[in-house]
Amino acid sequence: MIMTVTLNAAIDKTYIVPKFPIGEATRAGRPLVHPGGKGINVARVVRQFGMPSLATGFVGGKNGEAITDMLSGLDVGHDFVRVAGGESRLCLTIIDEASGRATELLEPGPPVTARELSELKRKVELGARRSKVAVFSGSIPEGIPSSVYRELIAAAQAAGCLTILDTSGDGLVQGIAAKPFLIKPNEHEVARLLGKPLEREEELYPLFGRLLAQGIACAVVSLGAQGCIAAHNGTLYKVPAPRIRAVNTVGCGDSFVGALAVQLASGASMERALIQAAAAGAADALTFEAGFVRVEDVKRLAQEISVMRL
Ligand SMILES: Nc1ncnc2c1ncn2[C@@H]1O[C@H](COP(=O)(O)OP(=O)(O)OP(=O)(O)O)[C@@H](O)[C@H]1O
Ligand SMILES: [Mg+2]
């Protein structure tokens with residue numbers, strides 16, 4: 001089983017409109033509605049690959065109930081802490097078909113108390129005992145200390161789980177201190193670790209050296225349509241992305257991480273895991289929904305991908 005932790009769960013509503021002019025009224029059709037937040041996206045993708053998944057984190061209010069109901073409908077296991085202080089957020093994505101561009105409107109999540117946070121730690125400990133891999137994905141809501149992933153990762157690792165961290169900013173820096181098995185910043189998020197914007201791939205090599213020396217087993221930097229670069233066990237890998245016609249690239253990182261988690265839980269080699277992850281990231285870009293893949297697309301795309309050892 002794969003456990004995913006989502007501190008900022010959401011209802012994701014996606015509207016697809018022929019054109020989205022700012023400052024004018026637009027008539028929209030029915031939106032696509034999904035339970036969201038990065039970890040929930042990962043749990044859904046894991047399930048699409050046929051592996052059991054358990055989603056935890058915080059939910060609140062009626063929106064929180066809608067999120068857990070939708071997860072049940074998707075056969076994703078869940079065990080969330082229900083926070084008393086407010087509603088889980090609603091996130092809107094509007095896709096303008098004319099330009100192909102997506103506009104996102106992201107609400108803040110509900111406040112979380114120290115007691116609710118320790119309740120989550122307990123759930124993570126329990127879930128980790130039943131899981132091979134635990135995935136910690138997404139931003140840290142306001143009011144929760146940026147050390148949260150460090151503590152939760154330590155708890156999951158103590159229970160014997162492989163851990164994956166996919167976040168940004170202070171949460172990423174502090175989470176690294178717990179030595180997760182794998183981190184997956186994207187090209188923007190990695191700037192925080194480099195201390196400057198990423199300009200050339202080679203700038204990643206010394207960073208990878210430092211991360212692996214600190215006890216991270218595998219560091220992967222995803223580069224959108226450029227694919228990804230990874231370091232594991234003293235080997236550097238480059239995985240060019242397949243060329244596709246992307247319709248929505250929001251959530252590609254979540255599908256990438258979901259496939260990685262499935263492969264690692266199945267004992268696959270890093271090379272195979274990276275190919276499947278890159279195929280899942282690209283497959284996600286072929287669908288309007290964020291964090292959603294068609295398994296037949298993943299299979300087809302995986303055949304087009306080869307890994308280079310640098
Ligand atoms: N346009 C694309 N064409 C082909 N593959 C893509 C494309 N966009 C993303 N991918 C694949 O998905 C992987 C993850 O994408 P990306 O780097 O955009 O993640 P991200 O920024 O973390 O996304 P998000 O946080 O929105 O889920 C890439 O490394 C690549 O393999
Ligand atoms: Mg991401």
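Which residues does UniProt list for "domain: Carbohydrate kinase PfkB"? The unreviewed UniProt entry gives residues 12-284; such positions are in the numbering used here, feature names are shortened, and annotations may be inferred rather than shown by experiment. This is a predicted model, in which local features need pLDDT of at least 70, side-chain atom pairs count only at pLDDT 80 or more, and totals for chains, interfaces and linings use all residues. Residues are numbered from 1 along each chain as its sequence is written, chains are lettered from A and ligands numbered from 1 in the order in which they are written, and side-chain values use heavy atoms, with hydrogens and water left out.

Over residues 12-284 the chain is 37% helix and 24% strand. Helices (H or I, at least four residues) and strands (E, at least two) are DSSP runs, numbered from the N terminus.

## Ligand 1

The shell around ligand 1 holds 23 residues, each with a heavy atom within 4 Å of the ligand. The closest are Asn-186, Ser-222, Gly-224, Gly-227 and Gly-253.

| Residue | Polar atom of the residue | Atom of ligand 1 | Distance |
|---|---|---|---|
| Asn-186 | side chain | oxygen | 2.8 Å |
| Gly-224 | backbone | oxygen | 2.9 Å |
| Gly-253 | backbone | oxygen | 2.8 Å |

On its own, ligand 1 has 630 Å² of accessible area, and the protein covers 88% of this. Accessible areas come from the Shrake-Rupley method with a 1.4 Å probe, and for residues only the protein chains shown count as cover. Helix H8 (252-265) and helix H9 (270-285) are the elements that give two or more residues to the shell. H8 supplies the largest share, four residues.

By class, the shell has twelve nonpolar, eight polar and three charged residues. Here Ala, Val, Leu, Ile, Met, Phe, Trp, Tyr, Cys and Pro count as nonpolar, Asp, Glu, Lys and Arg as charged, and the others, Gly among them, as polar.

## Buried positions

Thr-4 is in strand E1 (residues 2-6). Thr-4 counts as buried because its relative accessibility is 0%; buried means under 20% relative accessible area, exposed over 50%, and partly exposed in between (1.4 Å probe, protein chains only). Neighbours within four places in sequence aside, Thr-4 is in contact with residues including Gly-39, Ile-40, Leu-54 and Val-135, where contact means heavy atoms within 4.5 Å.

Ser-88 sits in the loop between strand E6 (81-83) and strand E7 (89-96). With a relative accessible area of 2%, Ser-88 is also buried. A polar atom of the Ser-88 side chain lies 2.8 Å from the backbone nitrogen of Gly-60. Beyond four places in sequence, the residues in contact with Ser-88 include Ala-9, Phe-58, Asn-63 and Pro-110.

## Partly exposed loop positions

Pro-21 is in the loop between strand E2 (10-17) and strand E3 (32-36), and its relative accessibility of 22% makes it partly exposed. Asp-96 is 75 residues away along the chain, yet the two C-alpha atoms are separated by 8.8 Å. The loop between E2 and E3 also holds Thr-26, which is partly exposed at 31% relative accessibility. Leaving aside neighbours within four places in sequence, Thr-26 is in contact with Val-17, Lys-19, Phe-20 and Pro-21. Thr-26 and Gly-175, 149 residues apart in sequence, are 42 Å apart from C-alpha to C-alpha.

Glu-201 lies in the loop between helix H6 (191-194) and helix H7 (204-213) and is partly exposed, with a relative accessible area of 27%. Residues up to four places away in sequence not counted, Glu-201 touches Ile-229 and Lys-238. The side chains of Glu-201 and Lys-238 are joined by a polar contact of 2.7 Å.

Two further loop residues have a positive phi without being glycine. Phi is near 65° for Asp-75, in the loop between helix H2 (61-73) and strand E5 (77-78). Phi is near 55° for Lys-179, in the loop between helix H5 (169-176) and strand E11 (182-183). Asp-75 is partly exposed at a relative accessible area of 49%, and Lys-179 is partly exposed at 45%.

Note on methods: A polar contact is a pair of N or O atoms within 3.5 Å; within protein, one must be able to donate a hydrogen and the other to accept it, and residues adjacent in sequence count only if both atoms are side-chain atoms.
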